[in-house]
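Please open the structure in the viewer and keep the selection tool at hand.

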Amino acid sequence: MTQLRTRLEAAPDLRPCQEVNALFTELVGLCCSTPPQLADSALAQLGDEAPMTRRLCAAGETALEQYWARRVLAAADPHAELARFPYLGNYRELVRMELGAVMAAGGERPRRVAVLGSGPLPLTGIVLARDYGAEVLHVDRDPDSLWLGGKLTAALGLPAATAHADLDDPGSEHVLRAEGIGDCDVVVLAALVGQDAAGKRAVSARLARLLRPDTLVLARSAVRLRSLLYPRVRAEDLAGLRVELEVHPHSGVVNSVLVARPEPSRQTGIRGSTVD
Ligand SMILES: C[S@@+](CC[C@H](N)C(=O)[O-])C[C@H]1O[C@@H](n2cnc3c(N)ncnc32)[C@H](O)[C@@H]1O
């Protein structure tokens, strides 16, 4: 792990190329295939290297998405070019797993979904809209990522509703309310939104104030060595939300998901009364 991280850190940049792709593929492979006991002891030994590796993976993921978003937008056939994206199958499996978890938590196939942290290559929203007919609101704090993601979604012939908001900023509540997050059946909290437990607590408390009581929040997490790729989210990190279900994949899907609903005691905003 350490060797992979230091070689990635030594790379001139993290834009996709043969060497960078090979290093990330090896890292993801190790994180997903190491047996549980070995993974736990390896994670314990890595200590501070874990947040350093996560930051590297977040930067690598953004560089990968920017590269592919521009590539798909420049293509004569965006659909065919998107189908060449090496992790499209993973996103489809992840969304399928998450919708299964929504059903298991008593939810229905969502009509309207907000994806918080949609990114320059908003595949979660694209799969939800294209494969499941959902109406999707893409939210991101980075205007360039939001612009690229919106252009890409439109180039695929899909509606591209976007909202520029930083979930770490209290001001985002006003934007999200105005964009109708209160009408969403499901809200996907991307793994990179809220980089640590304190960040997740602040974001989820914000959502608890904005969402309908029956809205389901899908908080993406990662366990064991997969938490070198994305931050682990624990039920107690989702302040104001009640976790109903946790799903930890044993497949090539990296993310785990926590399915949660607003705690009845924390409902405000959409009904105008303030409780907490
Ligand atoms: C790289 S994308 C990954 C999501 C992936 N494209 C998808 O479809 O599921 C993650 C995005 O989260 C955004 N992000 C991170 N923290 C955020 C925050 N506090 N508020 C809003 N967006 C955030 C980043 O700008 C980045 O574009």
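The structure holds 3 aromatic pairs; rings of Phe, Tyr and Trp (its six-membered ring) pair if their centres lie within 6.5 Å, and planes under 30 degrees apart count as stacked, over 60 as edge-to-face and the rest as tilted. This is a predicted model, in which local features need pLDDT of at least 70 and side-chain atom pairs count only at pLDDT 80 or more, while totals for chains, interfaces and linings use all residues. Residues are numbered from 1 along each chain as its sequence is written, and side-chain values use heavy atoms, with hydrogens and water left out.

**First selection: the rings**

Select Tyr67 and Trp68. Their ring centres are 6.0 Å apart and their planes stand at 85°, so the pair is edge-to-face. Tyr67, at 35% relative accessibility, counts as partly exposed, whereas Trp68, at 6%, counts as buried (buried means under 20% relative accessible area, exposed over 50%, partly exposed in between, with a 1.4 Å probe and protein chains only).

Trp68 lies in helix α4 and Phe85 in the loop between α5 (78-82) and α6 (88-104), so the pair ties together parts that are 17 residues apart in sequence. Helices (H or I, at least four residues) and strands (E, at least two) are DSSP runs, numbered from the N terminus.

Select residues 49-74 (α4) and 143-155 (α8). At what angle do α4 and α8 pack? The angle is about 40°, and the axes are 10 Å apart; axes are lines fitted to C-alpha atoms, for helices over the stretch in contact, and angles run from 0 to 180 degrees between N-to-C directions. Gln66, Ala69, Arg70, Val72 and Leu73 of α4 make the contact with Leu148, Lys151, Leu152 and Ala155 of α8, where contact means heavy atoms within 4.5 Å.

Keep α8 selected. Its buried residues are Ser145, Leu146, Leu148, Gly149, Gly150, Leu152 and Thr153. Among the elements that cover them are α4, α7 (123-132), β2 (135-140) and β3 (161-164). After α8 comes Gly157, with a positive phi near 80°.

**Last selection: α10**

Select residues 197-210, which form helix α10. Buried residues here include Gly199, Val203 and Leu207. Their cover includes β1 (112-116) and α9 (172-178).

Technical notes: Expected span 1.5 Å × (residues − 1).
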